[in-house]
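Okay, thanks for making time, everyone.

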Amino acid sequence: MAERLHGNWIRLYLEESTSEVLFNLGTKVRRQYLDALRTLSLSLSRQVAQYDIYSMLVGTVMVLEVLTLLLLSIPQALSSKAELEVPLWSPVFSLLFYLMFLVLSALHVIVCTSAESSCYFCGLSWLMAGGVMVLISALLCAVVSALAKMFASGKLLSKNPAHPNSRWSELDVVILLGTMGHVLSLGASSFIEEEHQTWYFLVNTLCLALCHEIYRNCFLGNDCEPRRCSHGERGFVNTAPALQDRSIGHDELEPHRVSKSPTSLNTLRGWEKWMAMASPWVILTCCRLLRSLNQTGVQWAHRPDLGHWLTSSDHKAELSVLAALSLIMIFALVQRRCSLTSKVAMALGLLGVYCYRAAIGNVLFPWQRDSKDISKGLIEARFVHVFVLGILFTGTKDLLKSQVIAADFTIKTVGLWEIYSGLVLLAALLFRPHNLPVLVFSLLIQTIMTKFIWKPLRHDAAEITVMHYWFGQAFFYFQGNSNNIATVDISAGFVGLDTYVEVPAVFLTAFATFAGPVLWASHLVSFLSSETSSGSALSHACFCYALICSFPVSAYIILVTSLRYHLFIWSVFSPKLLYEGMHILITAAICVFFTAMDQTNTKS
């Protein structure tokens, strides 16, 4: 109507009508346009504010049920047997299951038949919706079963009277406060934008806590032995007070050490002891250098960093030297536990990585003065992909051989390390040249902590799992990532591909983005498998990894649901939720790998 009146005004204007008629009609047109804009704005506001609350609540309830089940299963999952029994089919709770299913079905029918707007959960088929309601009812029965079993046996999450002297160590306090602080920080948009600062602070604090523990062991000697014993009897940080009494009937919570022999810092001599004392400061130095490599976040992203200096066209020679030295260091740090075949494949693969970067013009060969002959590097990248698949195949073959044929612990250890080496080679291919030092420092920190911290201090599997998780999260941001979708390196999904192929592109992009957490989790599996004599250490690590990943995700889902009308819900909170969703999928894949390795441990 406004456009029609506007057309009449233009026609009168061209006919040179009186000014009073034009003025009155123009006022009417202006009023009509303003009314139309007001109506459109109100309509858009209503559409933006319309959330699918029913579907959001269903998903939130499922997440909270899983988290509650994990928390209630802590004593049982971290016991010496490392068993997790969920009595879903118990006759006692069958009535509760059917009642919950009927109530949820009735609620689903009422909501879907009375909903005025479209609902995702109501749009599902009745078979899928019924499966979701069955899952919710089963999880509720599992939670009630765990609570009833805990109250029946009198084993609540309390201090064990059999161990009155057991107390929290400094490392446990750091882990607990760091985890809770990170979860609480997710409720503020500024902390989400600058989440890398949170993880940098937590990793630095962890290094200082380890430094205190190392110095206390070195200088006080046997005076700290009772503390270390009580420290070893604790499991996950949230389960430190969950020690059980043997007289009640359950196994005591006894997380397994990572060392096969009772070693300590006192057994280290000469330069090894000095290296153990200097290792936290070396790690802090590495982290400080990595912070200068990539500026991420929002507030300081515009500031120049070492990565921008290296990627400029004027410093291509320096970048080439740095990339070559990084690839040599990667080979030196990875090859020590590989078989001869994997060593050769790793060397050729890393050489192919440099050739690929030279082919696309990122780096230069010594005999090149400029990079005029630029190609897509398809041959070089596929050359590296072949070696990656070859190393992964060799590692998988060793794992199957150790399980089926030989049942040899050494073969399994080599196989896990070769799988880890294959992932390292793939990360070296996908990382941009200036990010190769991130991979080098990751391997260096893992080597230092393995030899001078985890083995001498005899940390249990739960604490080592939390440390791997923290460093994996920190290296996610050391790569230059953030909670902004714009920082995802899409070009990694096209390495070795001539055209867009969905499945390989998604896999390569996801791996390049989450290479830090994946590599640290893979190193965790390899380390625990090679250093523990008990098969339940991997079960403990799998449970702790799942718990420490699901706790912030569950809290963040609740926060996002409650802050859905926040000003930055789409620009800050929603991208973070996408990252968390992808991270939880990768965590699920890692836990499946943990479980598979634990099964091979049990069978062997």
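So, start with helix 8, residues 170-185, against helix 19: they pack at about 45°, with their axes 11 Å apart. Axes here are lines fitted to C-alpha atoms, for helices over the stretch in contact, and angles run from 0 to 180 degrees between N-to-C directions. That makes helix 8 oblique to helix 19. On the cut-offs: under 35 degrees counts as roughly parallel, over 145 as roughly antiparallel, 65 to 115 as roughly perpendicular, and the rest as oblique. The crossing of these two, helix 8 and helix 19, is left-handed, meaning that the near helix is turned anticlockwise from the far one by less than a right angle, where clockwise would be right-handed. On the helix 8 side the contact is made by Leu171, Asp172, Val174, Ile175, Gly178 and Thr179, and on the helix 19 side by Glu463, Val466, Met467 and Trp470. Contact means heavy atoms within 4.5 Å.

Quick housekeeping. This is a predicted model, where local features need pLDDT of at least 70 and side-chain atom pairs count only at pLDDT 80 or more, while totals for chains, interfaces and linings use all residues. Residues are numbered from 1 along each chain as its sequence is written, and side-chain values use heavy atoms, with hydrogens and water left out.

Now the overall picture. The protein chain comes to 23 helices and zero strands; those are DSSP runs numbered from the N terminus, H or I with at least four residues for helices, E with at least two for strands. The chain has 604 residues, and 50% of them count as buried. Buried is under 20% relative accessible area, exposed is over 50%, and partly exposed is in between, with a 1.4 Å probe and protein chains only. Of the contacts in the chain with a separation of 6 or more, 79% come from residues 24 or more positions apart.

Which residues have the most contacts inside the largest nonpolar core? They are Ile283, Ile330, Leu425, Ile445, Met449, Trp470 and Phe471, in a core of 112 residues. Helix 18, residues 436-457, gives the most to this core, with 13 residues. A nonpolar core, by the way, is a set of buried Ala, Val, Leu, Ile, Met, Phe, Trp, Tyr and Cys residues joined through side-chain atoms within 4.5 Å. Take Ile445: leaving aside neighbours within four places in sequence, Ile445 is in contact with Ile283, Cys286, Cys287, Phe471, Phe475 and Trp520. Apart from that core lies another, of ten residues, among them Val58, Phe121, Val132 and Met133.

Back to helix 18 and its partner, helix 12, residues 271-291. Their axes come within 10 Å and cross at roughly 155°, so helix 12 and helix 18 are roughly antiparallel. This crossing of helix 12 and helix 18 is left-handed too. From helix 12 the contact includes Trp271, Met275, Ile283 and Cys286, and from helix 18 it includes Phe441, Ile445, Met449 and Phe452.

Also in helix 12 is Lys273. With a relative accessible area of 24%, Lys273 is partly exposed. Lys273 and Ile214 are 59 residues apart in sequence, but their C-alpha atoms are 9.8 Å apart.

Then there's helix 3, residues 53-72, with helix 7, residues 126-153. They pack at about 30°, axes 9 Å apart, so helix 3 and helix 7 are roughly parallel. Helix 3 passes helix 7 in a left-handed crossing, and the residues that meet include Val58, Val61 and Leu69 from helix 3 and Val132, Leu135 and Leu139 from helix 7.

Next, Phe476, in helix 19. Buried or exposed? Phe476 is buried, at 4% relative accessible area. Its touching partners, not counting residues up to four places away, are Asn481, Ser482, Thr513, Phe514, Pro517 and Tyr579. From Phe476 to Gly516 is 40 residues in sequence and 5.0 Å in space, C-alpha to C-alpha.

Helix 21 is mostly covered, with 17 of its 17 residues buried.

Last one: Arg458, in the loop between helix 18 and helix 19. Its phi is near 55°, a positive value in a residue other than glycine. And at 12% relative accessibility, Arg458 counts as buried.
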